[in-house]
Amino acid sequence: MTHLNISDVTLSFGGLKALSNVDMKIEPGLITSIIGPNGAGKTSMLNCISGFYHPTRGDIFYKNKKLTHASPHQISNLGIARAFQNLELFSGLSVLDNLLLARHQNLNYSILHAIFFYGKASRIEAENRAYVEEVIDFMELEPYRKSLVGNLSYGIQKKVEVARAMTLAPDILLLDEPMAGMNIEEKEDIVRFVIDIQKERNITVVLVEHDLGVVMDISDRIYVLDFGQLIGSGTPEEIAQDPKVIEAYIGEDASDEQK
Amino acid sequence: MSTNPWLATGNYFTSYKQEQATFHTHLDRSVFTLFLFLLFAWPVFFPMGNKYMLVIDNILIAIVAVMGLNLVTGFAGLISIGHAAFVGIGAYTVASFCRIMGDSHIFVTHFWPVLIIMAGLMGALFGGIVGLPALRLKHLYLAIATLSFQMIFQWVINFMSFFNQGQTIFVGRVTWFTGTVGRKDHYLFWYYVILIFVVLLGFGIRNLLKTKYGRSLVAVRDNDRAADAMGIHPGLTKVYAFALAGFFAGVAGALHAYLYRGVGFESFTLHESISYLAMAIVGGLGTLNGSFWGPVAIKLLDLNVEQLAELAGRYLPSSMNLATALRPFTFGLVIVLFLMFEPRGIANWWRIVKSYTKLWPFRY
């Protein structure tokens, strides 16, 4: 069964086609990567899935629900979480509060309970705090839980970004370049987390990443975009052999010279 | 090993509920209780004239209003230049009852706590309506929308005969268990009433900020795109922020109406709106205790400047009209100085003092 079905999606801004007739099928429990050169439309694709953009043509289905015109908060409630490429954290709040914000939909007490903060509100807050602590433990963020996010280093903030998406307890996790701008050690850390997220928590991961070494290593399936068009799909081995993909990355002449 | 419950040292939280508590040590709790006790007790030992009680009551009302403004501007990051109009909505709710039922109707004089809450709800209603542009607008454009509400409010009050064209509408003397509150006890009585409101609303905000209703406000301030991705509806959260601020303003307005025993439009002008904004900035945007520092600082400054202007007026030629010029001048100067040198407001000084005393006699 396909988890997320992207069929014939076109996204155009005026005359510019960011995506044209893209088909993708995201299978449950796998790591699916979307790669492509700069400006290929990878982030636009994620924006379409998470509801920040709405496709001009085509549809996106999740478990037979149509997501095409849903807004981001509706989509995140359906269980599709998103980590942003450029840090989009709540910089005035602590790591703990950032993660608790991701539990927003699970905190179902009324505003009167909140004002008096007895019974229900207090209990539910404590329960969700326990859940957040579990994620903090998983992502190894213990030393930073009380620090303001704005004061943390870039690498840690990236980790918080992933952790916050995890705290939504999603079925599908969309990661937009979680390793951009990090050193080798931090990259290895994040890769380990991504694999753990998939293996231990059984979350479907959609990964957009530029580091081809990482992508080839951990992906189960790869989709390649170039100028908004899908030019290849398959397992890492198939993609590595695909002449169209090589052409997009290295250029036509180079492959001629190799012959 | 038993630890000392009076100090934070050596006490570890063993459950998340413990960490939620407002006061973590016996010391914190007793200092606060003592402070509260003193607030209630001092008028018994040091009775003050009506003139000074009026100033103190005014400060307390401003605290209620600024608590609301701080929620919408400080926590939710939506600049509101129409806060005095919301305060006016609360005051004119009381005034409307006086116009319809007569200013000494039993509902106005006996059920005044109900009327004050109703005024708050009315403020919340108008806050929600004025907040509706927040579904579409951001930043300065939204601020202009609140400014236009201020203007509409002033015009409506000034031209409707129901509101006496902005001239004073009288509000009757209220009755307490001891009988009608007379001229002598009036300001003392309202001191206690307003103080109780301040304490209750203060605790309300404190609790609210620990929950999702407080966090979502900060979320839309810091990053409403990400808030959307976290399942928070950014537009509705902003409308809710305005409604919340409207509630506080409405309560403040009703208290104002009862304290002055009359409602006139000059207390709810654009100048007052700016002055509330100044109090929020000087106190510290986005902090709860800033809502207390700001009104105290600005109101006391205002008093001192008045005296200073009087003094200076004796030595300088009267054509300079110093008294009128000095007030807006110092007022503007204080805001500019705070924005330049302490944008986090007096609340930041309080934070520094607190952390210093906590660690004393050690440096860190």
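Let's start with what covers the buried residues of helix H13 in chain B: the cover includes helix H3 (50-75), helix H12 (270-283) and helix H15 (346-359) of chain B. Covering here rests on contact, where two residues count if their C-beta atoms, placed from the backbone, lie within 7 Å. Keep in mind that this is a predicted model, where local features need pLDDT of at least 70, side-chain atom pairs count only at pLDDT 80 or more, and totals for chains, interfaces and linings use all residues. Residues are numbered from 1 along each chain as its sequence is written, while chains are lettered from A and ligands numbered from 1 in the order in which they are written. Helices (H or I, at least four residues) and strands (E, at least two) are DSSP runs, numbered from the N terminus.

Back to H13(B), residues 290-315. Its 26 residues reach 37 Å from first C-alpha to last, close to the expected 38 Å, where the expected span is 1.5 Å times one less than the number of residues. Which residues of H13(B) are buried? They are B:Gly290, B:Ser291, B:Phe292, B:Trp293, B:Gly294, B:Pro295 and B:Ile298. Buried means 20 or more other C-beta atoms within 10 Å of a residue's own, exposed means 12 or fewer, and partly exposed is in between, with C-beta atoms placed from the backbone.

Staying in chain B, helix H2 (26-45) packs with helix H8 (186-209) at about 170°, with axes 10 Å apart. The axes are lines fitted to C-alpha atoms, for helices over the stretch in contact, and angles run from 0 to 180 degrees between N-to-C directions. H2(B) and H8(B) are therefore roughly antiparallel, a label for angles over 145 degrees; under 35 is roughly parallel, 65 to 115 roughly perpendicular and the rest oblique. On the H2(B) side we find B:Leu36, B:Leu39, B:Phe40 and B:Pro43, meeting B:Leu188, B:Tyr191, B:Leu195 and B:Val199 of H8(B). By class, that contact has eight nonpolar, no polar and no charged residues. Nonpolar covers Ala, Val, Leu, Ile, Met, Phe, Trp, Tyr, Cys and Pro; charged covers Asp, Glu, Lys and Arg; the others, Gly among them, are polar.

One more stop in chain B is B:Pro133, in the loop between helix H6 (112-131) and helix H7 (139-159). B:Pro133 is buried, because 20 other C-beta atoms lie within 10 Å. Leaving aside neighbours within four places in sequence, B:Pro133 touches B:Leu142 and B:Ala145.

Now for chain A. Here an open sheet of four strands runs E2-E1-E4-E5, with antiparallel pairing; two strands pair if DSSP finds at least two bridges between them. Strands E2 (16-26) and E5 (65-66) of chain A stand at the edges with a single partner each, so one side of each has no neighbour in the sheet. Helix H1 (42-50) of chain A packs on the sheet, touching E1, E2 and E4 (57-62), and its direction makes about 65° with that of E2(A). E1(A), residues 4-13, pairs with E2(A) over seven bridges, and A:Ile6 has A:Met24 as its bridge partner in E2(A).

Also in strand E2 of chain A is A:Asn21, with a positive phi of about 50° although it is not a glycine. A:Asn21 counts as partly exposed, because it has 14 C-beta neighbours inside 10 Å.

Finally, the two chains together: their contact takes 32 residues from chain A and 24 residues from chain B. H5(A) gives the most to chain A's side, with six residues.
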